[in-house]
Amino acid sequence: MITLKRPEELALMREAGRRLAEVLAVLAAAVRPGITTADLDRVANREIRRRESFPGFLGYDGFPKHLCVSVQEEVVHGIPGRRPLRDGDLVSLDCGLIYKGWWADAGLTVACGDVDAEGQRLIQVTREALRVGIEEARPGRRLGDIGAAVQRHVEENGFSIVRGYTGHGIGRDMHEDPEVPNFGTPGKGLEIRPGLCLAIEPIVNEGTPATRVQPDQWTVVTADGRRSCYFEHTVAVTAEGPEVLTAVPVAAG
Ligand code: MG
Ligand code: MG
């Protein structure tokens with residue numbers, strides 16, 4: 001079932017999104033060689049709660065932490081732990097929170113220290129893929145337009161789209177209908193209408209798109225051991241076009 005948000009509901013989602021953007025800005029600034037992923041998790045919990053919000057990932061489908069941290073060949077759903085970050089790592093941070101009953105879900109990949117040129121290009125292309133996907137989230141387009149735009153940008157640049165994990169509707173729950181795949185056919189799929197709120201999240205591999213899940217039942221890694229990268233925003237569709245709810249405020253960015 002797809003729900004379109006009313007203006008007063010969108011106002012609360014905007015508040016949730018702004019808080020999450022601030023949390024992610026603090027997290028991104030904390031990424032440096034030597035810090036552990038568990039340290040980042042503690043920062044996430046503290047920064048979320050200090051903004052009158054709840055760390056919605058905690059206990060979601062049994063997830064044990066407040067943040068997903070996926071390093072290098074880890075794709076998504078990495079569980080924070082004792083792993084120290086190393087110079088040159090690609091570090092994907094995926095975070096969500098609930099504010100007054102409404103979700104925001106967003107994330108980014110951060111370069112830890114000096115990342116090689118190809119790793120920086122992977123980050124850049126994935127960030128751009130999110131941007132071109134968001135551009136399609138406007139009335140009159142269809143979900144396939146989002147997926148097609150993301151896919152085209154990634155594949156033109158020689159990287160691959162992970163197929164098994166998608167974006168999603170978002171609102172009272174983190175994962176609402178519809179699914180938002182990062183691939184597709186222009187002009188196909190659900191028509192995009194004002195009030196639709198979507199988490200758009202391209203997940204891009206340096207090598208082949210195949211993935212597997214680690215024995216911890218959460219951490220997804222690339223099958224070929226090469227690196228992966230990810231960016232996500234919560235986006236509201238308005239009559240004028242997409243409104244990014246989780247954009248980092250200029251002052252905090
Ligand atoms: Mg997320
Ligand atoms: Mg998401």
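The model is predicted, so local features require pLDDT of at least 70 and side-chain atom pairs pLDDT 80 or more, whereas totals for chains, interfaces and linings use all residues. Residues are numbered from 1 along each chain as its sequence is written, chains are lettered from A and ligands numbered from 1 in the order in which they are written, and side-chain values use heavy atoms, with hydrogens and water left out.

**The metal site**

Select the magnesium ion (ligand 2) and display D105, H168, E201 and E232, which coordinate it through OD, NE2, OE and OE respectively, at 2.1 Å. Donors here are N, O and S atoms within 2.8 Å of the metal (3.2 Å for Na, K and Ca); water is not among the atoms, so sites may look incomplete. Along the sequence, the donor residues follow the spacing D-x62-H-x32-E-x30-E.

Now centre on H168 and E232. H168 belongs to strand β6 (residues 167-169) and E232 to the loop between β12 (228-230) and β13 (233-238), so this pair ties together parts that are 64 residues apart in sequence. Helices (H or I, at least four residues) and strands (E, at least two) are DSSP runs, numbered from the N terminus. Both H168 and E232 are buried, a term that means under 20% relative accessible area, with exposed over 50% and partly exposed in between (1.4 Å probe, protein chains only).

**The aromatic pairs**

Rings of Phe, Tyr and Trp (its six-membered ring) pair if their centres lie within 6.5 Å; planes under 30 degrees apart count as stacked, over 60 as edge-to-face and the rest as tilted.

Select Y60 and W103, an edge-to-face pair at 5.7 Å centre to centre with 80° between the planes. Y60 is in the loop between α2 (37-49) and β1 (67-71) and W103 in strand β4 (residues 102-111), 43 residues apart. Y60 counts as buried at 18% relative accessibility, as does W103 at 4%.

Move to F63 and W218, whose ring centres are 5.0 Å apart with planes at 85°, so this pair is also edge-to-face. F63 is in the loop between α2 and β1 and W218 in the loop between β10 (211-213) and β11 (220-222), so the contact ties together parts 155 residues apart in sequence. F63 is buried, at 4%, while W218 is partly exposed, at 21%.

**Charges over rings**

Finally, select R19 and Y99: the charged end of R19 sits over the ring of Y99, 3.9 Å from its centre. The criterion is NZ of Lys or CZ of Arg within 6 Å of the ring centre and within 35 degrees of the ring normal. R163 likewise lies over the face of F183, at 4.8 Å from the ring centre.
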